[in-house]
Amino acid sequence: MLKDITIGQYLVGNSFLHKLDPRTKIIGVLLYMIALFTVNNFIGMGAMIVVSAFFVLLSQIPLNYFLKGLKPIVLIVMLTVVLQIFMTPGEVLWQWGFLKITDMGLRQAGFMGTRLVLLVSITSILTLTTTPIALTDGIESLLKPFQKIGVPAHELAMMMTIALRFIPTLIEETEKIMQAQAARGADFESGNLMERGKAMIPLLVPLFLSAFKRADELAIAMEARCYHGGENRTRLKPLQYTAKDRVALLALLLMLALAWATRMV
Amino acid sequence: MSLTVNDVWYTYQEGTPNESNALQGINLTINKGEFLGIVGHTGSGKSTLIQHLNGLLKPSKGQVLVDGLELHSKENKKSLREIRMKVGIVFQYPEYQLFEETVEKDIAFGPKNLGLEEKEIKQRVKKAMKLMNLDYQALKDVSPFDLSGGQKRKVAIAGVLAMEPEYLILDEPAAGLDPKGREEFLELINHLHKEGLTVIMVSHSMDDIARYAQRMVVLHQGKLVLEGKPQEVFTHVEELESMGLSVPTLTKLLHALKAKGLPVNTELIEIQQIKAEILRALQERKGEAHA
Ligand SMILES: Nc1ncnc2c1ncn2[C@@H]1O[C@H](COP(=O)(O)OP(=O)(O)OP(=O)(O)O)[C@@H](O)[C@H]1O
Ligand SMILES: [Mg+2]
């Protein structure tokens with residue numbers, strides 16, 4: 001059940017994307033996102049889909065695993081699409097009472113829906129091919145220049161690493177406690193909103209307690225090993241830019257330029 | 001009257017690269033009134049198996065029957081909860097399930113979910129605490145989080161006992177307790193069995209299983225590989241060792257003595273009997289030497 005969540009998970013692999021420097025991938029995802037919101041016609045959107053599909057192929061992630069990861073957003077996408085269809089003004093194509101579908105509405109809905117799916121796809125590809133450690137190292141390194149104006153790059157990155165590290169643990173813990181309470185007859189699935197909210201107490205109290213306990217233990221364990229923040233820390237695996245990264249970055253910049261170009265079509 | 005597991009298969013995360021076949025065709029019958037031990041190496045599927053016994057997990061294939069009623073069958077979908085009440089599970093480190101303000105309220109959580117009356121609930125809480133050697137008057141209004149580790153665990157088990165299950169499943173009930181706490185705990189569980197409860201205990205300790213279980217099963221990589229009375233199972237020393245398991249310390253001693261040429265019966269479990277057996281064998285040898 002809860003284990004189906006794949007967002008933020010890493011899949012071991014040896015593909016081209018796995019081997020890229022995390023900074024390249026983070027910048028690449030940003031460039032892709034900008035391009036995604038730049039394109040405003042069908043050719044451009046089609047191209048973005050092709051690019052995304054190409055990344056999936058390149059990552060060697062099993063297709064059904066990848067698609068499963070998109071399941072949790074189906075509801076949000078549908079909601080967006082429906083809202084866009086009925087709420088956008090334009091030339092009316094069909095009307096029933098106060099509900100009306102416009103040509104612009106259809107177009108907007110199609111675009112927003114596609115954008116959302118692609119957005120989640122590209123971020124999933126990033127996290128599926130990048131270990132959490134590499135990801136935060138990349139973020140820290142990219143935030144370094146902003147340290148001068150007071151951005152705590154190292155601390156932010158460390159917090160992210162820890163948060164990412166503990167997501168699976170917390171999910172596991174939640175499942176365990178849910179089972180233990182279900183064995184005592186707790187019912188998490190039926191009842192109205194109030195009842196359901198109340199049914200969460202036997203789950204949340206133990207969960208928070210154990211999360212706080214873990215946080216405490218982790219802090220002590222880190223201090224016991226002399227952790228003292230970002231100053232003078234060295235890395236086991238320093239980030240390294242290679243020819244691959246330059247090629248990838250160049251290709252992505254080209255993609256962004258082409259995305260702008262399609263606006264002129 | 002029994003718990004029956006019919007050719008049960010279970011796969012975690014089916015259809016993903018992390019898929020794991022945790023159970024592969026398990027067949028097992030647990031009779032009312034017995035004390036069954038389940039042993040196996042880490043990851044052999046013990047916890048997965050016991051979660052099937054009260055319907056917390058649904059088999060990928062096969063069925064589980066509680067007193068002849070199938071869990072998760074289409075006909076008695078509604079009764080899953082009722083059937084579940086017959087089978088109480090105490091998970092590993094059950095103290096993590098505590099959440100109420102007071103010990104009494106926490107133990108009452110299960111009976112309340114059964115929809116019992118206030119009076120009946122109170123009765124059951126008292127009875128369950130007594131069974132777990134907890135003083136009702138002294139502890140009922142204490143926060144469960146202020147108790148010691150061993151006491152917390154007793155409260156958690158009392159919470160399951162208060163539902164008055166007919167079958168009690170315990171996953172590593174003594175894990176993480178000091179030797180004295182362990183001893184007390186296992187004696188309490190043994191007492192529950194003597195009172196008529198069917199007990200199914202998962203344990204890593206062969207010594208504990210040898211002392212308390214009437215019958216035992218050994219799981220290995222999701223399959224049931226050995227089954228029988230502890231003394232029978234422990235004769236398969238090499239097989240057990242190849243699965244990363246050991247035999248009880250005393251059984252090991254008997255086997256070592258036999259290997260050295262002392263003709264002892266290696267199937268004994270009770271420490272007094274073993275002592276007598278070794279003395280007898282030594283006497284015999286002495287006699288032979290004199291002759
Ligand atoms: N939630 C889960 N998701 C995926 N795989 C799991 C999950 N729980 C258990 N497994 C896998 O199923 C197998 C059996 O696990 P199980 O917890 O039943 O073992 P166990 O015998 O109870 O081990 P232990 O002695 O460590 O408690 C293991 O290989 C484990 O990795
Ligand atoms: Mg286990």
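Q: What makes helix α1 of chain B lie "across" strands, and which strands are they?
A: Helix α1 (residues 46–53) of chain B lies across β3 (35–40), β6, β7, β8 and β9 (215–220) of chain B. Contact means heavy atoms within 4.5 Å. Its direction is about 145 degrees to β3(B), where axes are lines fitted to C-alpha atoms, for helices over the stretch in contact, and angles run from 0 to 180 degrees between N-to-C directions. Helix α6 (residues 149–161) of chain B lies across β6 and β7 of chain B, at about 170 degrees to β6(B). Helices (H or I, at least four residues) and strands (E, at least two) are DSSP runs, numbered from the N terminus.

Q: What kind of model is this?
A: The model is predicted; local features need pLDDT of at least 70, side-chain atom pairs count only at pLDDT 80 or more, and totals for chains, interfaces and linings use all residues. Residues are numbered from 1 along each chain as its sequence is written, chains are lettered from A and ligands numbered from 1 in the order in which they are written, and side-chain values use heavy atoms, with hydrogens and water left out.

Q: How do you know that β7 and β8 of chain B pair?
A: Two strands pair if DSSP finds at least two bridges between them. Strand β7 (residues 167–171) and strand β8 (residues 198–202) of chain B have five bridges, in the parallel sense. In β8(B), Met201(B) is the bridge partner of Leu170(B).

Q: Why are β6 and β10 of chain B called edge strands?
A: The open sheet has six strands, ordered β6-β7-β8-β3-β9-β10 (chain B), with mixed pairing. β6 (87–90) and β10 (223–228) of chain B each have a single partner strand, so one side of each is left without a neighbour in the sheet.

Q: What is the order of the four-strand sheet of chain B?
A: The order is β2-β1-β4-β5 (chain B), an open sheet with antiparallel pairing. Strand β4 (residues 61–66) of chain B and β5(B) pair over two bridges.

Q: How much area is buried between domain 1 and domain 2 of chain B?
A: The domain assignment gives domain 1 (1–86 + 167–174 + 198–239) and domain 2 (248–291) of chain B; such bounds come from an automatic or database domain assignment. Buried area is the accessible area (1.4 Å probe) that two parts lose on being put together, summed over both. Between these domains of chain B the value is about 680 Å², of which carbon and sulfur atoms give 69%.
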